Amino acid sequence: MKVVLQRVKNARVTVDGEVTGAIDHGLLLLVGFKEGDTEEDLRYLADKAVHLRIFEDESGKMNHSLLDVKGAILSVSQFTLYGDCRKGRRPNFMRSAKPEVAEPLYRRFNEILRSYGVPVETGIFGAMMEVSFTNDGPVTFILESKEAS
């Protein structure tokens with residue numbers, strides 16, 4: 001499992017001209033799944049996302065977590081995170097989980113995030129989405145549940 005985590009001032013996702021999720025302050029999570037991802041992976045990355053100390057304290061140091069600043073999450077499924085671009089000119093998506101595997105994982109991941117008391121907005125799994133945001137910093141991290149192979 002892989003998450004591109006961005007600290008944002010605001011973010012929203014639109015599908016067919018309608019906003020399906022929007023937040024003011026918090027994290028934009030682009031979430032991708034690969035074959036073999038488990039509940040343990042979901043729990044590990046959910047815990048990491050809500051506890052990662054990437055929000056500034058009064059001294060301007062990254063000492064606060066999403067929970068500390070009472071931020072929200074916009075979670076967007078991102079099939080292309082496991083696209084392999086090393087060979088040729090067209091990405092290979094063989095490592096990406098199939099939709100029938102990835103969708104329940106995505107729904108469960110969002111449930112786990114909500115269990116921390118964090119407001120979680122989402123896009124629509126499998127839809128063509130437009131994501132807009134204002135990156136705060138910019139602060140962006142790539143989180144993985146297992147060592148990259």
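Predicted model: local features only at pLDDT ≥ 70, side-chain atom pairs only at ≥ 80, totals over all residues.

Trainee: What span should H3 have, and what does the model give?
Mentor: H3 has 17 residues, which at 1.5 Å a residue should span 24 Å. Its end C-alpha atoms are 24 Å apart, so the model agrees with that expectation.

Trainee: Why does Tyr106 count as buried?
Mentor: Tyr106 has a relative accessibility of 4%, and buried means under 20%, so Tyr106 qualifies.

Trainee: How far is Tyr106 from Ser77?
Mentor: The two are 29 residues apart in sequence, and their C-alpha atoms are 6.9 Å apart in space. Tyr106 is in helix H3, whereas Ser77 is one of the buried residues of E6.

Trainee: Staying with E6, how many of its residues are buried?
Mentor: Six of its six residues are buried. Both faces are covered: Ala72, Leu74 and Val76 lie on one side, with Ile73, Ser75 and Ser77 on the other.

Trainee: In which sense do E6 and E3 run, parallel or antiparallel?
Mentor: E3 and E6 run parallel and are joined by six bridges. Gly26, for instance, has Ala72 in E6 as its bridge partner. E6 also pairs in the parallel sense with strand E7, residues 120-122, over three bridges. There, Ser75 stands opposite Thr122 in E7.

Trainee: Now the pockets. How much space lies in the largest one?
Mentor: The largest pocket holds about 320 Å³ of space.

Trainee: Which residues lie nearest its centre?
Mentor: Of the 17 residues that line the largest pocket, Ser77, Gln78, Phe79, Gly126 and Met129 lie nearest its centre. The lining also draws at least two residues from each of strand E3 (26-32), strand E6 (72-77) and helix H3 (99-115).

Trainee: Let us move to E1. How many of its residues are buried?
Mentor: Strand E1 covers residues 2-15, and eleven of its 14 residues are buried.

Trainee: What does E1 pair with?
Mentor: E1 pairs with E3 in the antiparallel sense over seven bridges, and Gln6 stands opposite Leu28 in E3. With strand E8, residues 130-144, E1 forms twelve bridges, again antiparallel. One of the pairs there is Val13 with Val131 in E8. Five bridges join E1 to strand E2, residues 18-23, and these strands also run antiparallel. In that pairing, Thr14 stands opposite Val19 in E2.

Trainee: What sits between E1 and E2?
Mentor: The two strands form a hairpin with two residues between them. Asp16 is found in that loop, and its phi is near 50 degrees, a positive value in a residue other than glycine.

Trainee: Is Asp16 buried or exposed?
Mentor: Asp16 counts as exposed, because its relative accessibility is 76%.

Trainee: Where is Lys70, and what is its phi?
Mentor: Lys70 is in the loop between helix H2 (66-69) and E6. Its phi is positive, about 55 degrees, although Lys70 is not a glycine. At 73% relative accessibility, Lys70 counts as exposed.

Trainee: Where is the cis peptide bond?
Mentor: The cis bond joins Gly137 and Pro138, with omega about 0 degrees. Pro138 lies in strand E8.

Trainee: One last topic, H1. Which of its residues are buried?
Mentor: The buried residues of H1 are Asp41, Leu42, Leu45, Ala46, Ala49 and Val50. They cover an arc of only 145 degrees around the axis, which puts them on the same side of H1.

Trainee: What span should H1 have?
Mentor: The 13 residues of H1, residues 39-51, should span 18 Å at 1.5 Å a residue, and its end C-alpha atoms are 18 Å apart, which agrees.

Definitions and conventions: Residues numbered from 1 in each chain as written. Heavy atoms only, no water. 1 Å grid on protein atoms, 1.4 Å probe; cavity = no way out; pocket = protein on both sides within 12 Å on 5 of 7 lines; lining within 4 Å. Points joined across faces, edges and corners; volume = space filled by probe spheres on them. Helix = DSSP H or I, 4+ residues; strand = E, 2+ residues; numbered from the N terminus. Buried < 20%, exposed > 50% of the residue type's maximum accessible area, 1.4 Å probe, protein only. Pairing = 2+ DSSP bridges. Expected span 1.5 Å × (residues − 1). Arc of directions from axis to C-beta.
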